[in-house]
Amino acid sequence: DVAVPMGRSSELGAGMAEDAAAQQADSRARLQQALRTLRMDHAQRLQQDLASSRDRYAAQLEEEIAKSRSEGAAKLELELQAARAEHHAALQEQLLQLKAKYQKLMEEEVEAA
């Protein structure tokens, strides 16, 4: 055992308390810095994830729009073809009716002659 005079022990205790307080303050500062770094890293990751999600969504939306336009164009083309066929059939019917009238007129003209 080391004999320490009475006044010196209180100084020694005070010095140890100051060292402990300084270490605690240093630890607290390091923890706060680590927490700030973690928060910044987390915020950065969130921004990257958000940008990535936004880009994926935009690409998916563009794909859906292109698909919709393509399907719309194909549908319009089918409707146009159907309308043309219907119109052609109507013209054919009118032509047959005109031919029949012409034939009837020719027959009436031959009978009249």
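## Surface and fold

The accessible surface of the protein chain is about 10700 Å², and carbon and sulfur atoms account for 58% of that area. This is a predicted model. Buried residues make up 0% of the 113 residues in the chain.

The secondary structure is 1 helix and 0 strands. Helix α1 covers residues 6-112, and L61 is found in it.

## Nonpolar patch

Y57, L61 and I65 form a nonpolar patch on the surface. L61 has a relative accessible area of 40%, so it counts as partly exposed.

## Salt bridges

The structure holds 2 salt bridges. Side chains of opposite charge can pair when their charged atoms come close.

D26 is partly exposed, because its relative accessibility is 39%. R30 reaches 52% and is therefore exposed, as the cut-off for exposed is over 50%.

A salt bridge also links D55 with R54. Their closest N and O atoms are 3.8 Å apart, and the limit for a salt bridge is within 4 Å. D55 has 47% relative accessibility, so it counts as partly exposed. R54, at 53%, counts as exposed.

Methods:
Residues are numbered from 1 along each chain as its sequence is written. This is a predicted model: local features need pLDDT of at least 70, side-chain atom pairs count only at pLDDT 80 or more; totals for chains, interfaces and linings use all residues. Side-chain values use heavy atoms; hydrogens and water are left out. Helices (H or I, at least four residues) and strands (E, at least two) are DSSP runs, numbered from the N terminus. Buried means under 20% relative accessible area, exposed over 50%, partly exposed in between (1.4 Å probe, protein chains only). Accessible areas come from the Shrake-Rupley method with a 1.4 Å probe; for residues, only the protein chains shown count as cover. Patches are made of residues with over 30% relative accessible area and no salt bridge: like charges are joined within 9 Å, nonpolar side chains (Val, Leu, Ile, Met, Phe, Trp, Tyr) within 5 Å. A salt bridge is a side-chain nitrogen of Lys or Arg within 4 Å of a carboxyl oxygen of Asp or Glu.
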